[in-house]
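Here is a friendly walk through a model that you can follow with the viewer open.

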Amino acid sequence: MTAEALAVPAVRHGRLVPVTVHFDDLDALGLLHNARYPVMVERAWGALWNARGLVFEGDWEAAGDFCNAVKEFTITYDAPVKAPGGYAVELWLDRLGRTGLTYGFRFCSADGTVTYARGTRVLVRLDPATLRPAPWSEEFRASGQDLLRPQG
């Protein structure tokens, strides 16, 4: 998947990334299980960063910006996802600080017109040796600038 493919269709800010809900993602009632939403969001972020050439290859010492930890996660469920198929996650950055960031997301229909869930997640970049906060790289900061939501 290319960065261009991730940018279509257009959204107000950030990017709309396609995701697939499979039958085994559904709960006993036939609804997308509440614990699967964060997994879908994480997969969408992975696809977005990978398309931009930022890839985690399994080595925490060499992970750079991928050596990070979740500090906070919030989600609001607006409507149930009732079937497997193609959906999307709209992703953006609310804040890109020196060592932390807050991203927003919206789990939605493939065309972005229906919202099923929305939320935020706070990440802290870590030094792999000390597990203390560390600054984001300039490459990461530059790659995320177009994802920042306009203030106001």
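## Ground rules

This is a predicted model, in which local features need pLDDT of at least 70 and side-chain atom pairs count only at pLDDT 80 or more, while totals for chains, interfaces and linings use all residues. Residues are numbered from 1 along each chain as its sequence is written, and side-chain values use heavy atoms, with hydrogens and water left out.

## The sheet and its helix

Helices (H or I, at least four residues) and strands (E, at least two) are DSSP runs numbered from the N terminus, and two strands pair if DSSP finds at least two bridges between them.

Follow β2 to its partner β5 (residues 115-125), and you will find nine bridges joining the two antiparallel strands. Within this pair, Thr 74 stands opposite Thr 120 in β5. Contact means heavy atoms within 4.5 Å.

## Salt bridges

How many salt bridges does the structure hold? There are eight, counting a side-chain nitrogen of Lys or Arg within 4 Å of a carboxyl oxygen of Asp or Glu. In one of them, the side chains of Asp 25 and Arg 36 meet at 2.9 Å, N to O. This pair links distant parts of the chain, with Asp 25 in the loop between β1 and α2 and Arg 36 in helix α2, 11 residues apart. Asp 25 is buried at 3% relative accessible area, whereas Arg 36 is partly exposed at 24%; buried means under 20%, exposed over 50% and partly exposed in between (1.4 Å probe, protein chains only). Leaving out residues up to four places away in sequence, Asp 25 touches Thr 20, Leu 31, Leu 32, His 33, Arg 36 and Met 40.

Arg 121 and Glu 42 form another salt bridge, with their closest N and O atoms 2.2 Å apart. Arg 121 lies in strand β5 and Glu 42 in helix α2, so this pair ties together parts 79 residues apart in sequence. Arg 121 is buried at 14% relative accessibility, while Glu 42 is partly exposed at 42%. Between strands β4 and β3, the partners are Arg 106 and Glu 90, 16 residues apart, and their closest N and O atoms are 2.6 Å apart. Both Arg 106 and Glu 90 are buried. Elsewhere, a network of salt bridges links Arg 15, Arg 52 and Asp 146.

## The nonpolar core

A nonpolar core here is a set of buried Ala, Val, Leu, Ile, Met, Phe, Trp, Tyr and Cys residues joined through side-chain atoms within 4.5 Å. The largest one has 29 residues, and those with the most contacts inside it are Leu 32, Trp 45, Val 89, Leu 91, Leu 101, Tyr 103 and Phe 107. At least two residues of this core come from each of β1, α2, β3, β4 and β5. The largest share, seven residues, is supplied by α2.

Neighbours within four places in sequence aside, Leu 101 is in contact with Leu 93, Arg 95, Leu 96, Arg 121, Val 122, Leu 123, Trp 136 and Phe 140.

## Two more residues

The side chains of Ser 109 and Asp 111 are joined by a polar contact of 2.7 Å. That term covers a pair of N or O atoms within 3.5 Å; within protein, one must be able to donate a hydrogen and the other to accept it, and residues adjacent in sequence count only if both atoms are side-chain atoms.

Pro 150 lies in the segment after α3 (138-144) and counts as exposed at 59% relative accessibility. Pro 150 and Leu 93 are 57 residues apart in sequence and 9.5 Å apart in space, C-alpha to C-alpha.
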